[in-house]
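Thanks for coming. I will take one contact to begin with, then go around a few other residues, and finish with the chain as a whole.

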Amino acid sequence: MAEQSRRLFLALWPEPALAERLHQLAGEAHRECGGRIMRRETLHLTLAFIGAVGEERLPELLTTLGRLRAPRFRMQLDVLGHWAHNHILWLGCTDAPPALPQLAADIRRELAAIGLPVSGPEFVPHMTLLRKAHVPRELPVFEPADWAVAEWVLVESRMTPHGADYQPLATWALD
Ligand code: 2AM
């Protein structure tokens, strides 16, 4: 029988209170850009997208990533942007703390070492708020959100009729 595969990625997940605030911001942006609002519980910032991984590779993946040590950091989510190529309205930071791209790079390195190279574009930290969003004429003015990042997660993405459903498989604390 064929091995099952899972669609996996690594991400930062905001606490419910922060996610609620960001979801409200998404609602404001939606009034300008339309499109589809990401559900509050699905808001996240992807560190590395792995894609389909055979079930049998999971234990090795968990062990390898679980060994990674990285420091906690804070970031200011202070900028909204729109990408024309994929119609995403996103939230990001103008001045990313170095620990953020470093964590993403460390994860990529560890994945490559076990034969799971991360393909796709260079790491650009962003949180998708809206999909299928129109080009905005004007974006909402908002108070930057301070995010104290203390952990990162391995997540499985499953497609459902209501959009992607994300299931956390493991959570690791930052030091
Ligand atoms: P997006 O929000 O910019 O679309 C789960 O699908 C997460 O992985 C999303 O945050 C998504 O980013 C990202 N993702 C999906 N497919 C990807 C790919 N091929 N390369 C990089 N990131 C991807």
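Let me start with a pair of side chains: E156 and R6 are joined by a polar contact of 3.3 Å. By polar contact I mean a pair of N or O atoms within 3.5 Å; within protein, one must be able to donate a hydrogen and the other to accept it, and residues adjacent in sequence count only if both atoms are side-chain atoms.

Before going on, a word on the source: this is a predicted model, where local features need pLDDT of at least 70 and side-chain atom pairs count only at pLDDT 80 or more, while totals for chains, interfaces and linings use all residues. Residues are numbered from 1 along each chain as its sequence is written, and side-chain values use heavy atoms, with hydrogens and water left out.

Back to E156. Its side chain also makes a polar contact with the side chain of R158, at 3.4 Å. E156 is found in strand β9, residues 151-160. Helices (H or I, at least four residues) and strands (E, at least two) are DSSP runs, numbered from the N terminus. Is E156 buried or exposed? E156 has a relative accessible area of 7%, so it is buried. The cut-offs are under 20% relative accessible area for buried, over 50% for exposed, and partly exposed in between, with a 1.4 Å probe and protein chains only. Leaving out residues up to four places away in sequence, E156 touches R6, R7, L8, D165, Y166, Q167 and L169. Contact here means heavy atoms within 4.5 Å.

Next, helix α2, which covers residues 58-66 and holds T64. T64 counts as buried because its relative accessibility is 6%. Which backbone oxygen lies 2.8 Å from a polar atom of the T64 side chain? That of E60. Outside the four places either way in sequence, T64 touches E110 and I114.

L62 is in helix α2 as well. With a relative accessible area of 32%, L62 is partly exposed. Its contacts, not counting residues up to four places away in sequence, are with L154, A170 and W172. L62 and A48 are 14 residues apart in sequence, and their C-alpha atoms are 15 Å apart in space.

Now strand β5, where G81 is found. G81 is buried, at a relative accessible area of 8%. Apart from neighbours within four places in sequence, G81 is in contact with I88, L89 and W90. G81 and L154 are 73 residues apart in sequence and 26 Å apart in space, C-alpha to C-alpha.

L89 comes up again with L139. L139 touches C33, L80 and L89, again not counting residues up to four places away in sequence. L139 lies in the loop between β7 and β8, and it is partly exposed, with a relative accessible area of 28%. Where is E28 relative to L139? The two are 111 residues apart in sequence, and 8.7 Å apart in space from C-alpha to C-alpha.

Two residues to check in the backbone angles. K132 is not a glycine, although it has a positive phi of about 55 degrees. K132 is in the loop between β7 (127-131) and β8 (145-149), and it is exposed, at a relative accessible area of 64%. H87 has a positive phi too, of about 60 degrees, and is not a glycine either. The loop that holds H87 runs between β5 (79-83) and β6 (88-92). H87 is partly exposed, with a relative accessible area of 42%.

Last, the whole chain. How many helices and strands does the protein chain have? There are 3 helices and 10 strands, and along the sequence they follow the pattern β-α-β-β-α-β-β-β-α-β-β-β-β. The C-alpha trace spans about 50 × 40 × 30 Å along its principal axes. Buried residues make up 43% of the 175 residues. Of the contacts with a separation of 6 or more, 77% are between residues 24 or more positions apart.

On charge, the protein chain has 18 positive and 21 negative side chains, and the centres of the two sets lie 3 Å apart. Lys and Arg count as positive and Asp and Glu as negative, while His and the chain ends are not counted; the place of a charge is NZ of Lys, CZ of Arg, CG of Asp or CD of Glu. That is all I have.
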